[in-house]
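Q: Could you take a close look at one helix for me and then work outwards from there? I'd like to know what it packs against and how the surrounding pieces are put together.

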Amino acid sequence: MTQVHDQIRDRGIVRQHLARLAQRPQKTQGNANGESQTLLKAKARELFRERNAVLLAHFYTAPELQELADETGGCVADSLEMARFGARHDADTVVVCGVRFMGETAKILSPEKTVLMPDLEATCSLDLGCPVDEFSAFCDDHPDHTVVVYANTSAAVKARSDWVVTSGCALEIIEELAARDEKIIWAPDRFLGSYIQKQTGADMLLWDSACIVHEEFKAQGILDLKKVYPEAAVLVHPESPDAVVELADIVGSTSQLIKASASLNNPQFIVATDRGIFYKMQQAAGVEKLLLEAPTAGQGATCRSCASCPWMALNSLQGVIDALENGSGVVEVPEDIRVQAAKPLQRMLDFTA
Ligand code: SF4
């Protein structure tokens, strides 16, 4: 395993970004007129109809956004399904409630559509931790390697890759490449890369970045919680540290974890991923099941509330309305980058079709 990136510098970039966000007026977190959520949703529903628009909401966004997507014929999903749904839907406008790379992916796959986001500052520590110039130089140093990047990257990084994968299909795709004896560059999540490397035995060089939410889950905290709830199943997203993944009954993408909660008989689930997932997971598991957040340390972490992504939290009903009313938050991807990035994305969609 090769670690090529300076994690301390990475954390500096993430901290700076979050500090800048904290100083912004909190315009997207509420409605200056104090309108109720019911009124805001009614207004948003009307705008979706008028603009022939559709809403793609990630599982980590607020429950009211997931509800709105369900109510308006949109989708609530992981990033792979969001990409598929946006590409095949015939709406003129796609509103993406998630983070920047998800908006870019929608634009890359649907260049003819207007893609809007409630807040263009909503990014991801993995995307911030993989700057295209440094990553390209690394790829240039290893020309005999197949370049596989996680969906949580910029359009420019995707354009430099051979394959894009999500946590829902990464294992299958790397297995396939390993069976062909291909040497692989993996970026940017070192924990997911390490998990896949162990599972497949693939020859992988790992970029060294991490998700600031998942890296804070603590194995000891889960063990302590298991003493209180010995019958609980542990559901873990593979962006979590190795010691946490080792305690899992199920390791998987957000969709896979939700499915597991529906099929397992355990009375409780200890869940190591962003707490936004609880909205759909509770529906899938049933109201009688108890969902417990996997413990985080919090001390010294870059995240403010460790089981909650600060960038996903920038999405709001008011932000959706502003985007649809004013045409703000337009996602643009330069055409040369878009064309290049579409190739590895399409390869993933074809592989998983
Ligand atoms: S939860 Fe982690 S991986 Fe997901 S968008 Fe936030 S920082 Fe990125």
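A: The buried residues of α2 pack against β1 (53–58), α3 (63–71) and α15 (317–326). Contact here means that the C-beta atoms of two residues, placed from the backbone, lie within 7 Å. The names come from DSSP: helices are H or I runs of at least four residues, strands are E runs of at least two, and both are numbered from the N terminus. Before going on, note that this is a predicted model, where local features need pLDDT of at least 70, side-chain atom pairs count only at pLDDT 80 or more, and totals for chains, interfaces and linings use all residues. Residues are numbered from 1 along each chain as its sequence is written.

So which residues of α2 are buried? They are Leu40, Lys41, Ala44 and Phe48. They cover an arc of only 95° around the axis, which puts them on the same side of α2; the arc is taken over the directions from the helix axis to the C-beta atoms. As a reminder, an α-helix has 3.6 residues a turn, so residues three or four places apart point the same way. Over on the other side of α2, you'll find Thr38, Ala42, Glu46, Arg49 and Glu50 exposed. The cut-offs are plain counts: buried takes 20 or more other C-beta atoms within 10 Å of the residue's own, exposed takes 12 or fewer, and partly exposed is in between, with C-beta atoms placed from the backbone.

The length of α2 (residues 37–50) checks out too: at 1.5 Å a residue, its 14 residues should span 20 Å, and the end C-alpha atoms are 20 Å apart, which agrees. The expected span is 1.5 Å times one less than the number of residues.

Just after α2 comes Asn52, in the loop between α2 and β1. Asn52 has a positive phi of about 45° although it is not a glycine. With 10 C-beta neighbours inside 10 Å, Asn52 counts as exposed. There's another non-glycine with a positive phi, Asp181, at about 60°. Asp181 sits in the loop between α9 (170–179) and β7 and is exposed, with 8 other C-beta atoms within 10 Å.

Now for α3, one of the partners of α2. Glu71 belongs to α3, and with 13 C-beta neighbours inside 10 Å it counts as partly exposed. Glu71 and Arg45 are 26 residues apart along the chain, yet their C-alpha atoms are separated by 8.2 Å.

The other partner to follow is β1, a member of an open, four-stranded sheet with the order β2-β1-β3-β4 and parallel pairing. Strands count as paired if DSSP finds at least two bridges between them. β2 (75–77) and β4 (114–116) stand at the edges, each with a single partner strand, so one side of each is left without a neighbour in the sheet. Neighbouring strands in this sheet are turned by 20° against each other on average, direction ignored; the axes are lines fitted to C-alpha atoms (for helices, over the stretch in contact), and angles run from 0 to 180 degrees between N-to-C directions.

From here α14 leads on to another sheet. What covers the buried residues of α14 includes α3, β2, α13 (254–263), β11 and β12. Those buried residues are Phe278, Lys280, Met281 and Ala285. They cover an arc of only 165° around the axis, which puts them on the same side of α14. After α14 comes Gly286, with a positive phi near 105°.

The sheet with β11 and β12 is also open, with four strands in the order β10-β9-β11-β12 and parallel pairing. Its edge strands are β10 (250–251) and β12, each pairing on one side only. β9 (residues 233–236) runs parallel to β11 and is joined to it by four bridges, with Val236 opposite Ala272 in β11. β11 (residues 268–272) and β12 (residues 290–293) also pair in the parallel sense over four bridges, and Val271 has Glu293 of β12 as its bridge partner. The chain crosses from β11 through α14 (residues 278–285) to β12, and this β-α-β crossover is right-handed: with the strands pointing away from the viewer, the path from the first strand over the helix to the second runs clockwise.
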